[in-house]
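Here is a report on one model.

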Amino acid sequence: MLNPLMILADLPPPTWGIFAEGQVIPFLFGTAFVVVVYVLISRARAGEPIPEIRKIAGLDAVDEAIGRATEMGRPVHFGPGIGAVSNAQTIAAFAVLGYVAKMCAQYDTQLIQTNRNIYVYAVNEEIVKQSYLEAGRPDAYNPDDVRYISGFQWAYCAGVLGIMEREKPAANIMYGSWFAETMIFLEVGNIVGAIQIGATTNTAQLPFFIAAADYTLIGEEMFAASAYISKEPVLRGTVVGQDIFRILIFAIIIIGTILQQIDPEENPLARILTEF
Amino acid sequence: MRKELPLLITTVFGLLMVFGRWFWLGQLWGIESITDQWIIISNGFAVAIGVVNLTQLHGRNVQRRREHWPYSLVLIVAMYGYMAIALYETVEGPTATWLYDGLFTPIGSAMFALIAFYITSAAYRVFRVRTREATVLMICAVITMLGMAPIGEVLISGWHSVAEWGMDVPVSAAFRGITIGARLGFMATAMRIILGLERAHLGGYGAS
Amino acid sequence: MEEQTFWQKMMAIDRRIIYAILFVFVAIVMLNPIGLPIEISRDTEIYYNVVEELAETGEVLWLDAAFGPGSWGELGPMIEATLRHAFDRGVPVIGMAMWEQGGRMFATALNNVLEDPQYDHIEYGEDVVNLGFRPGGAGVVLRSATDDVYETFRGVDHDGNPLDDMPLAMQTERLHPDYVGHAVVYESGSPGGPVYVDYVHEPTGLEMSVGIIAMSVPGAKVYQDAGQYVGILPGATGCAQYELLIDHPGYAVMTQDVISLGMVFVTLLIILGNVGWLMTRQQAQ
Amino acid sequence: MLVTSDPMIWTGALFTLAVFSYLYAENPAWRIAEHIYVGMTAAYTVAYQFHNTIKPTIMEDMLVDGSWGMLIPMIVGLLIYTRYFPSVSFLQRYPLSLWVGYGAGLVMAYAVPPLMTQIVGNFRTFDSFDNVVYWIATVCTLIYFFFTVKRTNPVIKYGAAIGRWAMMIAFGVSFGQTVIYRYNLFLSRMEYLLTDWLQLIEY
């Protein structure tokens with residue numbers, strides 16, 4: 001299974017003595033990224049100042065939606081998407097769920113939380129329980145409101161449709177990795193008159209959120225919003241770190257574009273970035 | 001120990017992958033081919049988890065005669081029946097193929113086909129031009145729908161080229177902006193997992 | 001006053017009526033095609049030329065069926081058309097699947113094509129091989145590219161027959177430009193083309209294309225513009241054009257009339273729905 | 001003959017109609033189809049893996065080739081089943097941590113080169129209208145996703161606004177493509193009913 005000679009036969013010599021061919025830039029960029037993000041996370045956790053995340057338009061809608069549900073005496077539905085527990089979008093949803101659950105506990109509004117993934121369900125159960133505890137309302141926590149519907153996409157979809165039609169939530173918050181079921185949830189949510197908030201990075205579903213939901217967090221906004229809303233230092237540090245690298249990428253694009261105008265055929269920066 | 005060792009395994013395995021790719025020695029030692037093989041095999045042996053889960057859930061439904069329990073029975077019969085056949089004659093055997101082509105494929109495809117109906121009714125009942133943004137979105141959607149289908153070119157010559165231009169230039173450009181950002185986001189999540197700052201997958205969030 | 005009630009009634013219409021109209025409408029158009037002309041797009045031509053170029057060099061075409069029965073309607077006919085084209089031009093084809101059900105999807109497409117007496121001369125194992133699916137996600141693709149195809153697939157094809165008897169599989173040691181001329185991923189979601197971009201195209205330089213569901217075409221354009229994808233065959237519409245190019249109009253061509261009229265139908269519903277909405281809203285104020 | 005006599009196609013057609021009946025209302029036919037589908041999905045996976053991974057690993061790798069090292073991943077994989085035994089259920093974290101570590105490592109190890117290709121793809125020569133539009137749209141979309149820079153800076157403010165409009169156009173096109181895709185899937189089922197089952201169309 002391990003045959004170094006065979007692999008050696010077509011392995012080019014190392015660059016700078018230790019790196020495999022074409023891996024210098026990945027190493028430098030990757031390491032710099034890890035260091036910068038780690039430093040910011042550490043600072044945030046230690047309570048030291050890091051740049052503030054701006055308020056995301058549409059984030060107020062979460063408060064507004066819960067407030068309206070409270071006034072109407074109807075429940076709030078929260079779906080974390082149908083992605084796996086290690087999916088970045090699902091992880092972003094955890095933080096938002098904590099916030100929503102805490103608000104619902106304070107206002108004494110019923111929160112219906114539905115799940116497709118069994119591991120996500122286990123995590124969410126803990127989050128909601130913990131949030132009710134933190135809000136000082138452990139007695140108001142109802143374990144039956146955090147629901148595992150089915151591991152199968154369509155059965156999950158049918159289950160949520162039934163819940164929406166029967167229990168008529170006044171707010172429908174869909175935060176996570178959504179797929180084909182988006183369209184169906186949004187239509188039914190619209191018919192039962194719920195305020196709908198969507199957040200996903202799945203570009204194929206974003207158009208439907210924009211067309212049919214009241215508020216949509218586009219792509220990365222969902223990560224920033226989850227950091228903003230939860231004030232979780234790990235998340236905040238990550239968002240700031242990503243922004244620093246976005247500025248770096250921005251600078252590379254500007255320099256590269258200028259070099260491109262000088263000599264469209266041979267752009268030294270392009271060569272370095274793709275070949276080293 | 002119960003939480004620390006798994007976290008350590010995650011970190012070590014993640015770093016091993018990185019070492020095996022970035023460093024010359026890592027490639028020389030063929031680390032990737034070993035880690036890949038490990039993943040393939042460990043996944044293979046974990047595969048029955050779905051069957052066990054379903055048996056537990058639906059077995060209980062049948063046992064306690066819960067609402068809709070006959071359907072649970074259908075599920076268990078279909079599952080073990082098909083599994084027995086496919087284990088005996090492989091999934092390519094004649095009976096297994098018959099069941100696959102006669103039941104599995106039609107049901108699965110029909111379920112995905114349902115969305116066409118939902119989209120059609122949503123077109124009438126939900127897609128509103130509430131804002132200027134939504135209006136632009138809907139107009140672009142209609143230009144694309146008709147332009148990518150043969151009808152656009154029949155109605156107005158050149159419509160197809162307009163729709164194609166839309167895909168080649170503005171769409172590709174905007175999606176690139178989103179893709180670059182998303183890649184940074186995935187890297188950040190991967191990095192948090194490797195450094196042990198993210199533990200949701202081990203049960204419990206925010207313990208860090 | 002009469003008009004208000006009309007729009008209100010229209011807006012409150014039972015969605016099942018819309019479903020019924022759609023069902024009947026599609027059936028009628030399918031039974032009575034009108035034969036709208038089909039324009040060949042640039043994307044389809046690029047994809048077509050990929051196979052044409054392989055015919056000149058005689059290199060292997062590597063296909064990955066990354067979809068299940070749900071997306072057969074768009075991607076199945078693509079594989080069938082590509083196989084026909086490759087067989088016509090004598091291009092050897094190796095199939096595999098990143099998706100669990102993909103191995104069966106490829107096998108079905110291959111069987112459908114081989115049923116045609118025109119392809120009686122095609123020998124399984126020499127001209128085409130179906131490696132099928134192996135668990136491990138991206139790891140399988142990565143291992144095929146960096147290590148060894150035979151080992152990755154454990155020396156057997158989709159049906160469990162030994163690869164040792166299949167000269168084509170034995171010659172193709174790796175998913176690498178040294179052994180394969182071009183890779184095409186039939187993508188319906190994740191994992192899909194990007195897996196090949198990261199673990200095959202970037203590390204080895206192997207050229208690749210995708211046959212993709214219409215929904216994901218916009219996302220794929222980004223990779224094409226960066227030169228990571230050579231060609232994109234966009235959905236059943238692209239497939240219909242491809243079927244015309246290889247001179248074997250089939251299922252995809254048949255659906256084009258329905259698609260055209262279906263899109264007109266959806267457009268009308270959007271307009272009608274919004275007019276009704278504005279009318280009822282005005283009246284509510 | 002007008003209707004097929006193939007029992008397989010009859011079964012498929014009836015189950016297709018059973019699924020479509022869900023559009024009218026949830027009903028027993030739909031539920032049966034749903035439960036069969038879920039059961040078969042799980043069973044297919046097990047049978048396929050058994051023949052293609054489990055059997056060859058044990059029968060060939062271990063017994064013939066003597067690669068007993070394969071025992072480690074095998075045992076790690078099997079640990080997932082400890083979740084059903086509460087006293088040792090913590091052991092299921094080992095396979096999970098292995099898979100998550102692999103996934104995260106894979107992303108870190110391979111994410112940069114494709115990202116660089118995307119960045120370099122934006123080094124545009126401003127010699128055509130398309131290139132200029134392309135460049136502006138990408139850069140503005142990137143600007144839209146700055147979260148720590150205040151939107152009072154005019155470059156950021158207008159850049160983000162252009163970026164948002166560019167995304168709306170992109171989403172519109174994406175919307176159109178999705179509708180076409182969904183229709184195609186539906187048509188494929190209609191074709192199955194009309195051609196394979198009722199045999200009303202020949203082509």
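C:G90 follows α4(C) and has a positive phi, near 70°. Helices (H or I, at least four residues) and strands (E, at least two) are DSSP runs, numbered from the N terminus. Helix α4 of chain C covers residues 72–89, 18 residues in all. From its first C-alpha to its last it reaches 25 Å, close to the 26 Å expected at 1.5 Å a residue. That expected span is 1.5 Å times one less than the number of residues. α4(C) is mostly covered, with 16 of its 18 residues buried. Buried means that 20 or more other C-beta atoms lie within 10 Å of the residue's own; exposed means 12 or fewer, and partly exposed is in between, with C-beta atoms placed from the backbone.

The model is predicted: local features need pLDDT of at least 70, side-chain atom pairs count only at pLDDT 80 or more, and totals for chains, interfaces and linings use all residues. Residues are numbered from 1 along each chain as its sequence is written, while chains are lettered from A and ligands numbered from 1 in the order in which they are written.

**Sheets in chains A and C**

In chain C, six strands form an open sheet with parallel pairing, in the order β3-β2-β1-β4-β5-β6. Strands pair if DSSP finds at least two bridges between them. At the edges, β3 (128–133) and β6 (232–234) of chain C each pair on one side only. Neighbouring strands are turned by 15° against each other on average, direction ignored.

Chain A has an open sheet of six strands too, ordered β3-β2-β1-β4-β5-β6 and paired in parallel. Its edges are β3 (146–148) and β6 (215–218) of chain A; each has a single partner strand, so one side of each is left without a neighbour in the sheet. The twist averages 15° from one strand to the next.

| Strand β2 | Partner | Bridges | Bridge partners |
|---|---|---|---|
| β2(A), residues 111–115 | β3(A) | three, parallel | A:N115 and A:Y148 |
| β2(C), residues 93–97 | β3(C) | four, parallel | C:A97 and C:F133 |

In chain C, helix α3 (residues 42–57) lies across β1 (60–66), β4 (180–187), β5 (208–212) and β6, at about 135° to β6(C). Helix α10 (residues 217–225) of chain C touches β5 and β6, and its direction makes about 165° with that of β6(C). In chain A, helix α9 (residues 221–230) lies across β4 (171–177), β5 (195–200) and β6, at about 105° to β6(A). Axes are lines fitted to C-alpha atoms, for helices over the stretch in contact, and angles run from 0 to 180 degrees between N-to-C directions.

**Domains of chain C**

The assignment gives domain 1 (2–32 + 256–284) and domain 2 (43–249). Such bounds come from an automatic or database domain assignment. Taken over C-alpha atoms, the two centres are 40 Å apart.

**Chain B against chain D**

How many residues of chain B are in contact with chain D? The count is 96, meeting 91 residues of chain D. Contact means C-beta atoms, placed from the backbone, within 7 Å. α9(B) gives the most to this side of chain B, with 21 residues.

Technical notes: Contact = placed C-beta atoms within 7 Å.
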